[in-house]
Amino acid sequence: MAELLRSLQDSQLVARFQRRCGLFPAPEDDPRDDGAGLAEGAARAPGADHRSTANGKDAGAPANGLLRAAAPQAYVEKYIVKNYFYYYLFRFSAALGQEVFYITFLPFTHWNIDSFLSRRLVIIWVLVMYIGQVAKDILKWPRPFSPPVVKLEKRVIAEYGMPSTHAMAATAISFTLLISTMDRYQYPFALGLAMAVTFSALVCLSRLYTGMHTVLDVLGGILITAVLIVLTYPAWTLIDRLGSASPLFPVCAIVVPFFLCYNYPVSEFYSPTRADTTTIVAAGAGVTTGFWINHFFQLVADPTEALPVIQHIPPLTAGMLVLGLTKFMVGIVLILLVRQVVQNLSLQVLYSWFKVVTRNKEARRRLEIEVPYKFVTYTSVGICATTVVPMLHRFLGLL
């Protein structure tokens, strides 16, 4: 067993997967840095140039399919793509496990599809992500080594690898959605299962392709999520009703998550893990508090609980699509406005309280500043998304 685990953690296994998919490291001493020449067997994406530097901006137009990816200590890692189908597929799949997907998919689900589902998805997502992020900083297992692995992402290099929270989030979202809808809407279960497996598999494989995780990291993330879903499933209905259980619920929904974020495991060096965890947990605290506010003050109708009666999925029409996109755009604009205003105000208060120079980026990383401003900002975003935005939709007649 120990030998099997070591083999699954081997960076060479990740490197072999990358090579099979047409991703190769470029030679270290390569005169083609100026964009001249063509690597043997390398292909160029039709009509596009692909060169990225450590700052993530386009730095030129090579004609040979040579790409640059950021690595630690400002080292620029060059790589060659020989199969652009896999390159674009897995780069897109990686985005499905990142924040940009969840800050669009979850609000869209809440405003346009089913607020009951969105609440359940958010709760499970927050639980899974918090456990995964904390596990990383407790286990402290390194990410795959480069070389031999080519690393395509810069931001999360400073984080530890085990477990893959991308794999955890993708598995949690897809299978929670499947379990929560199979008795709520009428659709072929085989189709829903295939979509859940495909979504999870693409995100998991993208973590290998981008060189961010070992096979063991990915399998560990899937296994942990599966265990969490099995253990928590009997309590899902109870969790759904907690929002209306007590007038003191919002106090617990805010104080407990803030305590967990403020006492996050200490790392030997700074990484964005604590900030990301605070963002996710705060958004979850805001969403659950927002649902309680809706129930207590009867601002918005409570989400309908799961029923034994199967509902038919209405056909998608042009009018429904326009209405859904309009509601989404209105909501996102308001959320971004609230986020910016609350973030600026909270930072100003904290800078003044701790007597820190304004606009000091290093100060933002201090525990007593980073956690409170992130928590206040994204709790406000969660409350806004679940209370203010639906009321604005109703005021504008977007129902």
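**Close-up views of a predicted model**

**View 1. Ile80 in strand β3.** Ile80 has its place in strand β3, which covers residues 76–81 (helices, H or I, of at least four residues and strands, E, of at least two are DSSP runs, numbered from the N terminus). This is a predicted model, in which local features need pLDDT of at least 70 and side-chain atom pairs count only at pLDDT 80 or more, while totals for chains, interfaces and linings use all residues. Residues are numbered from 1 along each chain as its sequence is written, and side-chain values use heavy atoms, with hydrogens and water left out. With a relative accessibility of 6%, Ile80 counts as buried (buried means under 20% relative accessible area, exposed over 50% and partly exposed in between, with a 1.4 Å probe and protein chains only). The C-alpha atom of Ile80 is separated by 5.9 Å from that of Pro25, although the two residues are 55 residues apart along the chain.

**View 2. Ser93 in helix α3.** Ser93 belongs to helix α3, residues 84–95, and is buried at 1% relative accessibility. A polar atom of the Ser93 side chain lies 2.7 Å from the backbone oxygen of Leu89. When neighbours within four places in sequence are left aside, Ser93 is in contact (heavy atoms within 4.5 Å) with Leu202, Val203 and Ser206.

**View 3. Lys136 in helix α5.** Lys136 is found in helix α5, residues 115–139, and its relative accessible area of 2% makes this lysine buried. Not counting residues up to four places away in sequence, Lys136 touches several residues, among them Trp141, Arg143, Glu159, Tyr160 and His213.

**View 4. Aromatic pairs, with Trp111 and Phe328.** Across the whole structure, a search finds twelve aromatic pairs (rings of Phe, Tyr and Trp, the last by its six-membered ring, pair if their centres lie within 6.5 Å; planes under 30 degrees apart count as stacked, over 60 as edge-to-face and the rest as tilted). The ring centres of Trp111 and Phe328 are 6.3 Å apart and their planes stand at 55°, so this pair is tilted. The pair links distant parts of the chain, with Trp111 in helix α4 (residues 99–113) and Phe328 in helix α12 (residues 318–353), 217 residues apart. Trp111 is buried at a relative accessible area of 6%, and Phe328 is buried at 14%. Elsewhere, ring pairs link Phe17, Phe85, Tyr86, Phe90 and Tyr209 into a cluster.

**View 5. Charges over ring faces.** Lys82 lies over the face of Phe24, at 4.3 Å from the ring centre (a charge sits over a ring if NZ of Lys or CZ of Arg is within 6 Å of the ring centre and within 35 degrees of the ring normal). Arg119 lies over the face of Phe291, at 5.1 Å from the ring centre.

**View 6. Cysteines and the chain as a whole.** The count of disulfides (pairs of cysteine sulfur atoms within 2.5 Å) comes to zero; Cys21 is buried at 6% relative accessibility, whereas Cys252 is partly exposed at 47%. The mean pLDDT (the predictor's confidence in each residue, from 0 to 100) of the chain is 79, and 81% of its residues reach 70 or more. Over residues 30–76 the pLDDT is below 50, and this stretch has 100 contacts in the model beyond near neighbours in sequence. The chain contains 13 helices and three strands, and buried residues make up 49% of its 399 residues.

Notes
Polar contact = N/O pair within 3.5 Å; in protein donor to acceptor, adjacent residues only side chain to side chain.
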